[in-house]
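I opened the model to look up two things.

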Amino acid sequence: MDQAPFFWQPADRERAILAPYAMPGAQSLGREFPEAEHPYRGPFQRDRDRILHSASFRRLSGKMQVFTGDMGDYHRTRLTHTMEVASIARTIGRALGLNEDLIEALALMHDVGHPPFGHAGEDALDECLADEGGFSHNQFALTLVCQLEVRCQAYPGLNLTREVLAGQQYRAAKAGPAPLLEAQVVDAADSITYNAHDTDDAVMLGLVSLDELADLPLVANLLREIQDREGPLPELTRRKALVHALIDRQVEDLLLASWPRLAAADFRSADQPARAGFRLAPSPGIQQGKTELERFLYQRVYRHPRLIRVRQQAQRRLRELFAALRAEPARLPPEFAERVDSVGLPRAVGDYLASLTDRSCDQLYCQLFPIGWGDGPKGTGW
Ligand code: MG
């Protein structure tokens with residue numbers, strides 16, 4: 001396509017603002033199915049938009065993060081978690097001179113493979129598919145964007161760039177050479193984000209109190225700083241201030257701990273940090289604080305009796321649905337029934353169940369195991 005001279009070209013913009021170790025879209029290895037360049041959007045910008053406009057992304061609004069919809073409407077869903085990750089990742093990436101378009105594409109994609117009912121759903125599907133290699137939401141994100149999503153007639157999936165797919169492949173494999181710095185930023189932002197917002201949601205829901213959290217040195221230090229700065233605060237604004245401080249402190253620490261190492265390494269291209277095994281990492285002190293906070297959240301929140309009940313019910317439903325659909329594959333929607341020949345019946349059933357929102361999963365359960373209401377999920381299709 002002829003380039004319109006009055007647009008600021010994506011490659012010119014990248015040359016002006018990216019650090020030498022950032023991944024420029026202009027140097028992308030491209031897509032499996034080659035496509036012409038866009039006149040004013042770079043390749044990673046197009047990937048971000050493809051993910052944003054996908055059915056899988058929209059379904060994040062119907063998938064729980066930690067707390068289910070019937071526990072109220074304050075807490076995060078998988079969608080709002082994703083938007084918070086994208087925002088924090090872009091903040092970190094901008095401060096380090098990295099490619100924000102690539103970061104945003106990776107952040108918006110990072111959780112699209114989550115099945116209904118969060119990690120409870122993932123564990124149930126993993127168990128159902130144990131003989132088939134198990135189930136991982138990171139791997140299923142790749143199945144969605146490479147095979148199941150429908151964007152056009154010319155190819156299956158979204159035909160994303162190799163860099164975006166490689167970032168997600170690294171999340172799925174949890175091994176191999178260090179990923180691009182942009183992918184590392186998304187990974188770091190994910191944990192910063194959920195530490196802060198799970199703390200907020202858990203206190204808001206009354207599962208733990210700020211005083212109990214203050215047993216953790218990281219939280220105690222932040223609450224003391226807030227008190228010194230703002231004086232005694234009502235519980236609500238004290239909680240808000242703590243959440244802001246948790247994010248700020250972790251982001252600032254990651255930048256302060258990483259920037260001198262990046263400057264000293266003097267990388268001249270995006271692949272040099274990967275080849276050198278360079279890892280963005282928090283300082284040892286903050287890493288310890290994060291580990292303690294995560295352990296606290298695991299014991300006191302993720303394993304809280306109110307969540308265990310939700311978890312057990314969701315897992316029972318998914319196991320029963322899996323068995324019922326395996327016994328009666330004619331009930332699979334056509335796009336999943338078509339996959340039985342290529343991926344086998346168990347995987348096709350698992351893929352279908354994983355693609356459902358929490359609500360569609362409940363609707364399907366009520367359809368297959370009638371208890372007097374409901375007539376099946378309304379939400380399938382791409
Ligand atoms: Mg996440």
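I am working on a predicted model: local features need pLDDT of at least 70, side-chain atom pairs count only at pLDDT 80 or more, and totals for chains, interfaces and linings use all residues. Residues are numbered from 1 along each chain as its sequence is written, and side-chain values use heavy atoms, without hydrogens and water.

**Helix pair.** I looked up H9 (residues 181-204) and H14 (residues 284-302), whose axes lie 11 Å apart at an angle of about 40 degrees. Axes are lines fitted to C-alpha atoms over the stretch in contact, and angles run from 0 to 180 degrees between N-to-C directions. Helices are DSSP runs (H or I, at least four residues), numbered from the N terminus. Contact (heavy atoms within 4.5 Å) involves Ser191, Tyr194 and Asp198 of H9, among others, and residues of H14 including Leu293 and Glu294.

**Spaces.** I used a 1 Å grid over the protein atoms alone: a cavity is a set of points where a 1.4 Å probe fits but cannot get out; a pocket is an open set with protein on both sides within 12 Å along at least five of seven lines; lining residues have an atom within 4 Å of a point. Volume is the space filled by probe spheres set on the points, which are joined across faces, edges and corners.

I found 1 cavity of 30 Å³ or more. The largest cavity has a volume of about 40 Å³. Arg59, Lys63 and Trp382 are among the residues that line it.

The largest pocket has a volume of about 1100 Å³. I noted 48 lining residues, with His119, Arg171, Asp190, Ser191 and Tyr194 nearest its centre. H9 gives the most to this lining, with 10 residues.

Terms used: Helix = DSSP H or I, 4+ residues; strand = E, 2+ residues; numbered from the N terminus.
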